[in-house]
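This briefing walks through the fold of one protein chain, one topic at a time. Please keep the sequence and the structure in view while reading.

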Amino acid sequence: MLPVSPIKMRVLCSSTKPKIRTYATALGEAFNCQTHDVPPAYPCEKERLVILVASLKGEPSDTLRRFCAELTPARAYNVVLVVDNKDQTKGIQMIKDTLKEAGTNVIDDIYYLKSPGLFSGAKISFDERTAIVRWAQGIVESVKSK
């Protein structure tokens with residue numbers, strides 16, 4: 001049985017890579033919450049948690065940075081990152097710093113995806129899906145207990 005989010009949350013995706021987008025969709029489905037691209041058509045409003053799924057190659061895009069700068073506590077209390085490139089420490093730090101400057105709590109437990117190959121397609125395995133949902137469940141539980 002899939003977990004249902006006991007808190008108000010949203011999954012946002014900043015990637016054109018099909019496999020990364022599938023991870024975002026899997027999280028949205030698992031927690032029965034909205035999944036949108038960055039920037040979302042409807043702004044976040046008093047979300048207890050935003051899971052931000054992003055592809056990084058170098059610095060974050062202007063769109064992603066502007067969105068993060070506007071993600072104040074009135075829009076999202078907590079943000080956690082899912083990124084596809086562990087080696088992009090500068091880009092990850094830029095996102096975290098931008099969110100913190102906006103006043104939003106950034107959860108340090110980043111989930112690192114294995115960067116998909118150029119022709120990897122959109123599918124994720126059952127094990128990949130299970131792993132990211134379990135990780136997110138732990139994040140939801142920690143946010144819920146605060």
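β4, α3 and β5 form a right-handed β-α-β unit; right-handed means that, with the strands pointing away from the viewer, the path from the first strand over the helix to the second runs clockwise. Helices (H or I, at least four residues) and strands (E, at least two) are DSSP runs, numbered from the N terminus. The model is predicted: local features need pLDDT of at least 70, side-chain atom pairs count only at pLDDT 80 or more, and totals for chains, interfaces and linings use all residues. Residues are numbered from 1 along each chain as its sequence is written, and side-chain values use heavy atoms, with hydrogens and water left out.

**The sheet**

- The order β2-β1-β3-β4-β5 describes an open sheet of 5 strands with parallel pairing, where two strands pair if DSSP finds at least two bridges between them.
- At the edges are β2 (34-37) and β5 (105-112), each of which pairs on one side only.
- Neighbouring strands of this sheet are turned by 20 degrees against each other on average, direction ignored; axes are lines fitted to C-alpha atoms, for helices over the stretch in contact, and angles run from 0 to 180 degrees between N-to-C directions.
- Strands of a sheet pair through backbone hydrogen bonds, either parallel or antiparallel.

**Strand β4**

- β4 (residues 78-83) pairs with β5 in the parallel sense over 5 bridges.
- Within that pairing, valine 82 has tyrosine 111 as its bridge partner, and valine 79 has valine 106.
- β3 also pairs with β4 in the parallel sense, over 5 bridges, and isoleucine 51 stands opposite valine 80 in β4.
- Of the 6 residues of β4, 6 are buried, so the strand is largely enclosed by the rest of the structure; buried means under 20% relative accessible area, exposed over 50%, and partly exposed in between (1.4 Å probe, protein chains only).
- Asn78, Val80 and Val82 point one way from β4, while Val79, Leu81 and Val83 point the other way.
- In a regular strand the side chains alternate between the two faces of the sheet.

**Helix α3**

- α3 (residues 89-102) lies across β3, β4 and β5, running at about 155 degrees to β5.
- With 14 residues, α3 reaches 20 Å from its first C-alpha to its last, close to the 20 Å expected at 1.5 Å a residue; the expected span is 1.5 Å times one less than the number of residues.
- Gly91, Ile92, Ile95, Lys96, Thr98, Leu99 and Ala102 are the buried residues of α3.
- Seen down the axis of α3, these buried residues fall within an arc of 160 degrees, so they line one face of the helix; the arc is that of the directions from the helix axis to the C-beta atoms.
- These buried residues pack against β3, α2, β4 and β5, with contact meaning heavy atoms within 4.5 Å.
- Thr89, Lys90 and Glu101, on the other side of α3, are exposed.

**Other helices**

- β3, helix α2 (residues 62-69) and β4 make a right-handed β-α-β unit.
- Helix α1 (residues 18-30) lies across β1 (9-14), β2 and β3 (49-54), at about 175 degrees to β1.
- The buried residues of α4 (residues 126-144) include Trp135 and Ile139, and its buried residues pack against β1, α1, β3, β4 and β5.
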